Amino acid sequence: MGSKVSGRLVTIAVVLALAVWALVSNLPLNLGLDLRGGTSLRYKLQLSEEDDAAAIQETTVEVVRTRLNSLGLREIPVYSVGEDGVVVDLPGVGPEESRNIQRTIVSLGKLEFFLVSTDDDGVDLAAAKEKLKTFLAANDAKARETWNRLKSSFQQEFRSQDGLPVPVPDDWAILERSDLAIPELVTRETQPDGRLFEFFWLPDRFKIRAVNHEDRYTLVAKESNPSAGNAEDVNRYVFTGKDLATAGRGQDPTRGRTVTFDLVTLRKSAFEEYTGRYVGRQLAIVLDDQIHSSPNLNQPLPGGGQISGPQPIGFSIDEQKQLVTVLQSGSLEVEMALESDASMGPSLGEDSIDSGILAISLGLALVFVFMIVYYRSAGVLADIALAINLLLLISALALLEATLTLPGLAGIVLTVGMAVDANILIFERVREEREKGKTISQAFKNGFERALVTILDANITTLITALVLQQVGTGPVKGFAITLSIGIVTSMFAALYVTRALFEFSMAKGFLKDLKSLHFLTNPNFAFLANARKAMAITISMIGVGVVLTVMRGSDSLGLDFVGGYEFKLQFAESENIEEVRETVGSKFSNPQVVSVGDEDKIFSIKLRLDGSHVDTDLFIRDVSEYVHEQFAGKLAPELVESLQIDQSRQAAQPVAFRLNFLSQERQEADLPALDSAEIEKLMVGALASVDSVTKVDSTGYLSFDVKGQSRSVENTGIDPQEDLLSRVAATTRSYKVSSAIPESSYIGPTAARELEEKAIFAILISLVLIVIYIRLRFHDLSYGLAAVAALVHDVLFSLGVIVAASWAGIVNVEIDLPMIAAFLTIIGYSLNDTIVVFDRIRENIPKYPKSKLNEVINTSINQTLSRTILTSVTTFLVVAILFVMNKGKKNVLEGFSFAMVIGVVIGTYSSIFIASPVVVMLTNYKERKKKAMTPSGGSKQKSVAKAATSS
């Protein structure tokens with residue numbers, strides 16, 4: 001064994017040691033929200049043309065991150081996307097908890113102080129109120145629209161002493177921020193001493209029992225002194241959040257929980273002077289243009305004060321915590337609009353992991369067995385290289401702290417297929433050399449060298465599409481692109497370096513004396529190009545039918561990524577009739593799409609597309625949740641906390657009782673690890689001071705416990721175990737799946753949908769352009785690049801038509817969404833592999849057959865590579881087919897992705913033979929005819945082609 005082989009083996013050993021170290025040091029892997037459960041929020045900053053977008057985006061990310069840290073949510077991914085987007089990923093956070101966090105995120109945090117106006121300020125309050133009443137009557141439609149967005153959220157937030165929702169009058173309304181400057185509502189009065197009072201109406205956040213909607217507002221005054229000598233004196237009595245030094249939680253004996261604040265030292269004296277001037281008046285404390293409280297100024301305030309909540313109960317714990325967080329973190333410079341909201345419960349995430357790993361394991365097993373059966377000893381070496389490839393891929397993901405997503409699992413599957421492709425290409429080349437009479441060592445050397453260029457070309461073109469997808473993709477799709485990109489690099493290293501080193505070592509030690517393999521299609525001689533026109537006519541006709549069907553289906557074939565809307569999964573305790581579910585949901589929401597997920601009819605995917613009538617995202621999602629819970633009461637899977645009873649008496653320790661539920665449908669209850677009182681108490685840390693008793697409850701399909709305990713203090717009157725326990729259970733144990741009636745949801749806003757659609761189209765177009773450029777550089781002939789793109793366009797359109805037709809016929813539940821675009825780009829890369837292999841053989845054969853016609857050379861090249869083409873297609877098809885079978889009916893990302901790949905593998909193999917190669921002939925003949933027409937004495941077509949093909 002030579003020193004070169006020893007050097008390679010040492011290098012491989014070092015790389016493997018580093019890979020193992022990287023993997024062990026960085027475990028566990030970062031799992032995407034679609035695998036671990038959680039919520040992903042995307043916001044759009046409401047920027048104007050004058051705003052410094054980059055600076056505001058950076059500041060917003062920092063403010064949001066600070067607010068999340070204040071809530072105890074540290075190391076939460078918060079990052080900017082595009083020019084005006086901000087994404088917040090909340091692992092382990094369910095939809096309900098997400099709603100509370102969103103209110104903290106989007107609050108502008110704009111704190112201001114105003115005087116509550118009286119007739120003594122020189123304004124006629126009765127006349128001002130009449131103006132307001134007239135305005136609201138004239139703008140009733142707008143006021144009603146805003147009211148409809150607020151009513152439900154306020155009913156959720158405010159509770160009376162008995163814990164029931166506070167009734168809100170139907171004519172309650174609120175003005176928009178822009179309405180505050182309408183001339184007929186705003187007045188300015190100058191006082192004798194030169195002070196200017198600017199009056200306008202502000203909504204009182206807690207005036208929840210207003211009789212008329214004009215009573216919902218309070219007239220406030222902003223004081224300034226226009227005659228002052230400098231700007232600082234003019235605004236001496238204008239106080240904002242920028243003057244705030246600290247904010248904290250307080251407790252008032254009569255007003256309940258409050259929020260205390262102190263101003264910075266430089267503004268304390270002015271604040272004391274201001275409040276001293278107006279002792280006996282009310283001071284309106286305003287946050288985000290809403291009055292939070294308006295306490296009486298009984299005495300001057302020495303640089304601080306307190307904000308109280310709605311009476312008589314004051315702030316809830318969450319409201320108090322949210323307000324303190326917002327004030328401490330600073331204000332946002334611009335408003336943030338929710339563009340998308342995707343949530344998956346941990347139980348579905350665990351299902352996705354189980355399904356993905358099982359599919360990958362089965363696919364790998366089949367590929368490993370196939371390689372050994374077909375290539376025998378060489379197949380064993382290929383399997384070792386394949387295992388090393390997977391180790392390198394997973395280690396690289398761990399080292400780079402990349403996030404593994406559901407499409408990322410698909411990327412691993414495709415990496416396996418591409419790695420096998422490279423090995424088969426090498427082995428088939430070695431076999432050809434042996435058939436020519438070369439020794440095993442020479443055949444091995446020639447086989448690797450001849451396969452090198454083809455492997456590089458095929459993988460680089462696929463890498464181009466993966467890199468494009470990284471730039472324009474978002475979320476799970478970007479995770480797929482990253483996994484595929486890393487996989488391409490590790491596959492080339494494993495095939496070209498590891499496999500070669502293993503071959504050299506095995507031959508040197510006598511383990512491998514020859515390449516023995518089964519034979520498939522020995523010396524085929526099919527007249528492919530003779531039938532090319534007929535084949536092209538058939539598939540183009542099929543594409544035409546598919547395009548027509550796609551146009552007829554219109555937006556019905558598109559997923560929410562491209563049309564916008566809300567999709568959620570609804571889980572029942574027992575099997576439910578799909579028609580009843582569809583009818584019930586359809587009675588409230590227009591044209592719902594309801595699909596059963598799985599075989600038991602217990603989980604349904606429900607899609608509600610945007611129709612322009614839903615203005616407020618948060619309210620719409622909450623309305624959907626409330627409606628399905630109300631309509632399917634008693635039928636839905638129990639929530640994590642099925643029932644809750646809290647003694648509302650004001651005592652130091654409050655009795656708390658609730659039922660805690662876990663899913664146990666996939667395991668026998670006897671197989672589940674026993675949960676005892678100590679373990680339950682562990683889950684309750686932070687929520688309860690102690691657990692009095694834990695009683696196991698027999699329940700079909702669920703594992704339930706009745707828990708009774710004592711809360712820590714009076715501060716726990718607002719305890720919400722549903723939110724608190726969800727994260728605790730998910731983080732504490734993987735032995736149980738948390739039950740949830742709505743385990744997954746996703747919202748895509750119309751603006752985000754348009755942006756994603758544009759990015760998807762751009763990704764495909766830019767990939768095709770870059771591929772043409774690369775092939776033009778490698779083959780020095782534009783015909784090859786154009787022919788390859790013609791085949792790729794053919795593949796995408798054909799796959800699109802089949803997907804739309806299969807969905808329309810009910811064969812499979814797939815739609816055209818962003819993961820499907822990832823599938824199309826992967827089909828492009830895979831199809832290009834086959835096409836490049838044929839093109840490289842054509843380039844190699846043209847100088848060998850100088851007297852043959854081009855179509856004869858191409859036909860020979862196709863036959864020579866046919867066995868390799870079919871073998872790699874079969875192995876890849878097996879892997880993606882298993883992935884599809886394992887996910888069919890689950891309506892997850894992998895179902896549509898794998899179905900598209902099943903179609904793509906077949907049509908990609910077909911197009912490299914019947915589309916790409918014939919187009920090369922047609923384009924070359926066209927150029928030759930054009931050249932002869934211009935220069936009749938020009939050289940022969942064959943010489944021209946040979947020169948173009950061999951000049952690389």
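Let us start with an open sheet of three strands, ordered β9-β10-β13 and paired in antiparallel fashion; strands here are DSSP runs of E with at least two residues, helices are runs of H or I with at least four, and both are numbered from the N terminus. Two strands count as paired if DSSP finds at least two bridges between them. The model is a predicted one, in which local features need pLDDT of at least 70 and side-chain atom pairs count only at pLDDT 80 or more, while totals for chains, interfaces and linings use all residues. Residues are numbered from 1 along each chain as its sequence is written, and side-chain values use heavy atoms, with hydrogens and water left out.

At the edges of this sheet sit β9 (244-252) and β13 (304-308), each pairing on one side only. Neighbouring strands are turned by 25° against each other on average, direction ignored. Strand β10 (residues 256-263) is joined to the antiparallel β13 by five bridges, and T260 stands opposite Q306 in β13. Helix α8 (residues 265-277) packs on the sheet and touches β10 and β13, its direction making about 115° with that of β10. Contact here means heavy atoms within 4.5 Å; axes are lines fitted to C-alpha atoms, for helices over the stretch in contact, and angles run from 0 to 180 degrees between N-to-C directions.

Now for the helix pairs. The axes of α23 (residues 818-845) and α24 (residues 854-887) come within 9 Å and cross at roughly 150°. The two helices are therefore roughly antiparallel to each other (under 35 degrees counts as roughly parallel, over 145 as roughly antiparallel, 65 to 115 as roughly perpendicular and the rest as oblique). Among the residues that meet are Y830, V837 and R841 in α23 and I858, Q864 and R868 in α24.

Helices α15 (residues 532-553) and α22 (residues 782-808) pack at an angle of about 55°, with axes 8 Å apart. That makes α15 oblique to α22. Their contact includes M542, G546 and L549 of α15, along with L797, G801 and W808 of α22.

Finally, a look at charges: there are 21 salt bridges, each a side-chain nitrogen of Lys or Arg within 4 Å of a carboxyl oxygen of Asp or Glu. K44 lies in strand β2 (residues 38-45) and D84 in the loop between β3 (78-81) and β4 (85-91), so the pair ties together parts 40 residues apart in sequence.
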